[in-house]
Amino acid sequence: MSDAPIATTPVRIDLDGEQVDGLFRRPPEPRALLVFAHGAGSDMRHAFMEAMSEALAGVGLATLRYQFPFAQRGSRRPDPRPVLLETVRAAVLHGRRLAPELPLLAGGKSMGGRMTSLAEAEEQTSRVRGIVFFGFPLHPAGRPGIARAEHLLLIDPPMLFLQGGRDRLAETPLVDEVMAGLGRGATLHRVPAADHGFHVPKSSGRTDQDVIEELARTVATWAAPLL
């Protein structure tokens, strides 16, 4: 990965009647921009979001992280779905304006990735090259099912699923079932020892940072033919 200095710029993203914060990280000579949403229990400054953005910059991918309104307010309760989807669309549009010369990817961690795919399935007008899921939340913990994946059949851009083998929100057999149904448009990369937050136990012989760097390399390799 590159050791070149990386610039990170605070931005403001306009919604209907309010604004949310974003962080735009652009490495030297980026190959694409990933508009990158956070999960339900965190915000754009969460340790995973920061580490992932840094690792992606190291493989030549710029990122735009952004807040959902509930996180902007400091609340732990996610916004209603229409507000989440509006925020995704506004962030993707803002990313396109920030770096119109870069191919655009979109996605996010857990809920952020799911809301990105729902926004794409509803409108299919964003012209993103691909969607990246960092731990797709296939079902609530202890309540296995695949209903949350039904909208994925409506998505045209390729999709990359980065999943932990110990993810309690995505049981392995169900993930495999979803992948089989999506066919060639979906790519799965599984980290066997990782949980939903991509934490790995010491007994795995790996560190969380090892996993972060593996994920970044995987995104870059998967995205290369799309750019």
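## About the model

This is a predicted model, in which local features need pLDDT of at least 70, side-chain atom pairs count only at pLDDT 80 or more, and totals for chains, interfaces and linings use all residues. Residues are numbered from 1 along each chain as its sequence is written, and side-chain values use heavy atoms, with hydrogens and water left out.

## The sheet

An open sheet with mixed pairing is built from 8 strands, ordered S1-S2-S4-S3-S5-S6-S7-S8. Strands are DSSP runs (E, at least two residues), as are helices (H or I, at least four), numbered from the N terminus; two strands pair if DSSP finds at least two bridges between them. S1 (7-14) and S8 (186-191) each have a single partner strand, so one side of each lacks a neighbour in the sheet. From one strand to the next, the twist averages 20°.

Strands S3 (residues 32-37) and S4 (residues 61-66) run parallel and are joined by 6 bridges. Here Ala37 stands opposite Tyr66 in S4.

## The cores

A nonpolar core is a set of buried Ala, Val, Leu, Ile, Met, Phe, Trp, Tyr and Cys residues joined through side-chain atoms within 4.5 Å, where buried means under 20% relative accessible area (1.4 Å probe, protein chains only). The largest has 46 residues, of which Leu33, Phe68, Leu152 and Phe161 touch the most other members. Helix H3 (residues 81-98) gives the most to this core, with 6 residues.

Apart from this core lies another, of 28 residues, including Ala32 and Leu215.

Key. Axes are lines fitted to C-alpha atoms, for helices over the stretch in contact, and angles run from 0 to 180 degrees between N-to-C directions. Buried means under 20% relative accessible area, exposed over 50%, partly exposed in between (1.4 Å probe, protein chains only).
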